[in-house]
Amino acid sequence: MCGIVGYLGEKNTKKILLDGLKELEYRGYDSAGIAVLENGNFSYYKAVGKLVNLEDKTKDYETKGFAAGIGHTRWATHGKPTELNAHPHLGESSYVVHNGIIENYANLKKELIADGVTFLSQTDTEVIVHQFEKNLKSCATAFEAFGKTISELDGAYAVLLVTKSEADTIFFAKHGSPMLVGTNKEGEKYFASSDTPLIGHCQDVNYFEDGDFGYVTANDIAIFNNDGVKKEAVFSALSQNKLSAQKDGYRFFMEKEIYEQSDVISDTLMGRLSDEKIIFDELDKSLFDGINEIKLCACGTSYHAAMSASYLFERYSKIRTSLEIASEFRYRSPIMSKDTLFVVISQSGETADTLETLKMAKKAGLKTLVICNVDNSSMVRLADACILTRAGIEKGVASTKAFATQVTVFWMLSLFVAKLRNSLDTNEIARQISLLREIPTHVKVTDEMHERIKRLSKRYLHGHGFFFIGRDVFFPLALEGALKLKEISYLHAEGYPSGEMKHGPIALADPELFTIALLPEHLHYEKSKSNVEELSARDSTICVISAIEFDKADDFVQISTCQDYMLEFFEMMIVVQLLSLEISIRLGNDVDMPRNLAKSVTVE
Ligand code: M6R
């Protein structure tokens, strides 16, 4: 996702900003830019693509003395990855960089346009700088204008702003997106959206809290809370280890990514929910004209997300939905009819098998849609339409947050299509939207839950295999749980529909067969429970994941009571991810780089 850096001091500002952005490259981005205010004049540079392009553009530019500089790497959300949409964004005499999403940008933009302001970009960010300059006309100081502007923004943000009216100052605000400031003996001030750019420059840093805003000058760091009350900076020692800084103290990227799910799902939802409908600005409604079937095609974890979607599309959108494993589809002379919307799902957008099926669908004249995490990837460029999942870069080979955001997008899309087809009444859509808003809370990892699973994991390091079982959408979740476990623990695991066990696999049941049973309270509880009892009667070792206590299980992981089965889905997803993680760590495996696997499978 986007990255922010800022610097105020006398050293080589250009180099400090570019080096800082380089440290944030791992987060993923599609364009970058810097703006430097030196001797009352701005210099700014932006480039699409990798940082080398920005370095190239700035190669003849030098900063010599005291300056205030801001920089940004952008991961497109509103508007394509173009130079005009890249940050910093310019007003008449100010520049801004921003991470997050300004939810009320459309209203602010409308008012500013009515006031005669011209917008250059399609971004939500640009409203910040224009709103600030509008306020500057009526406020006594730039700080007052900045504070007023921040109070007018809804959504999530980390913002840095520099303005000619106070050329020795950087203004900042943080709400919902991370940002920190550091200083050193020379009195320089460094900003960034995560630790790494500050390593080597500062020993101590202050992590801003939500609602903090203020400014820095050569002599001061002035922080104010939500209510405008001044507060002291709270400095803590900055770890000087870059890799561990990127992992934010987690043992593995996979662990960090499991913990990030609450935040990235908030990003996925942001700007896409109103009280009574789902908003996908990126979709032209004509995409669904004449469509009688949705065909979902993907590999691995993305296939499991697609399988969950197949239940949701038929249940909520009342549209025939079929599901394809990409590597199978491409070689089986499939029948493709033009009333089918062909949907590919891919974290990377580069998986060779999935990409090939997209090409086949295009060639057959089908309308195509990609659900993807990487803008500008091959699939995004090829498909007719695209919905980005906004999970941020995923480093762990075992996919976690990408899956969570894919399922979130599919749940939204099933309601979007339901509205188009009138297949759910307005009250039910509104109810489901309020459930969607709950997901980020349900995927927050609690210390208690993590500790419980850590302790439990020591009992599951051997045996002759695992069965993850579930019904309905909990079947793809069972498949995903089993895939996670085998990828990183190298133990044999299978996902199975609970009701199918008695048709064969139950023959394997004995104390050394571990069954991980997904028992949602709100979907086929009694039926799934009977299936678990059948296994229990045959002495399989059983771990039940449910909100309702279950006395026939050897182990029990209790999720919280939820209002709906889909929220139970997300709670159980966390449990199966953590269980795989902890088993694999106990086995001494490199969770982030499991043997034989690549993050993106770009070959057949
Ligand atoms: O990038 P994609 O979503 O297209 O990747 C598909 C699979 O290769 C991927 O999901 C794989 O199964 C992961 N290692 C799962 O953790």
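## Close-ups of pockets, cavities and helix packing

**View 1. Helix α9 gives the second largest pocket the largest share of its lining, five residues.** This is a predicted model, in which local features need pLDDT of at least 70 and side-chain atom pairs count only at pLDDT 80 or more, while totals for chains, interfaces and linings use all residues. Residues are numbered from 1 along each chain as its sequence is written, and side-chain values use heavy atoms, without hydrogens and water. The pocket holds about 560 Å³ of space. Of its 24 lining residues, C299, G300, T301, K599 and V601 are the closest to its centre. At least two lining residues each come from α9 (300–317), β18 (340–346), α11 (352–363) and α17 (474–489). (Helices are DSSP runs of H or I with at least four residues, strands are E runs with at least two, and both are numbered from the N terminus. On a 1 Å grid over the protein atoms alone, a pocket is an open set of points with protein on both sides within 12 Å along at least five of seven lines; a cavity is a set where a 1.4 Å probe fits but cannot get out; lining residues have an atom within 4 Å of a point. A volume is the space filled by probe spheres set on the points, which are joined across faces, edges and corners.)

**View 2. The largest cavity has a volume of about 70 Å³.** Among the residues lining this cavity are C2, W75, H78, H87, H98 and D124.

**View 3. The second largest cavity has a volume of about 50 Å³.** Its lining is formed by V5, G6, I16, L17, G20, Y190, F191, P197, L198 and H201. Helix α1 brings the largest share, three residues.

**View 4. Helices α13 (residues 401–421) and α19 pack at about 175 degrees, with axes 11 Å apart.** That angle makes α13 roughly antiparallel to α19. (Axes are lines fitted to C-alpha atoms, for helices over the stretch in contact, and angles run from 0 to 180 degrees between N-to-C directions. Under 35 degrees is roughly parallel, over 145 roughly antiparallel, 65 to 115 roughly perpendicular and the rest oblique.) Look for F403, A404, V407, T408 and W411 of α13 meeting M566, L567, F569, F570 and M573 of α19, where contact means heavy atoms within 4.5 Å.

**View 5. Helices α16 (residues 447–457) and α19 (residues 565–586) cross at roughly 45 degrees, their axes coming within 9 Å.** The two helices are therefore oblique to each other.
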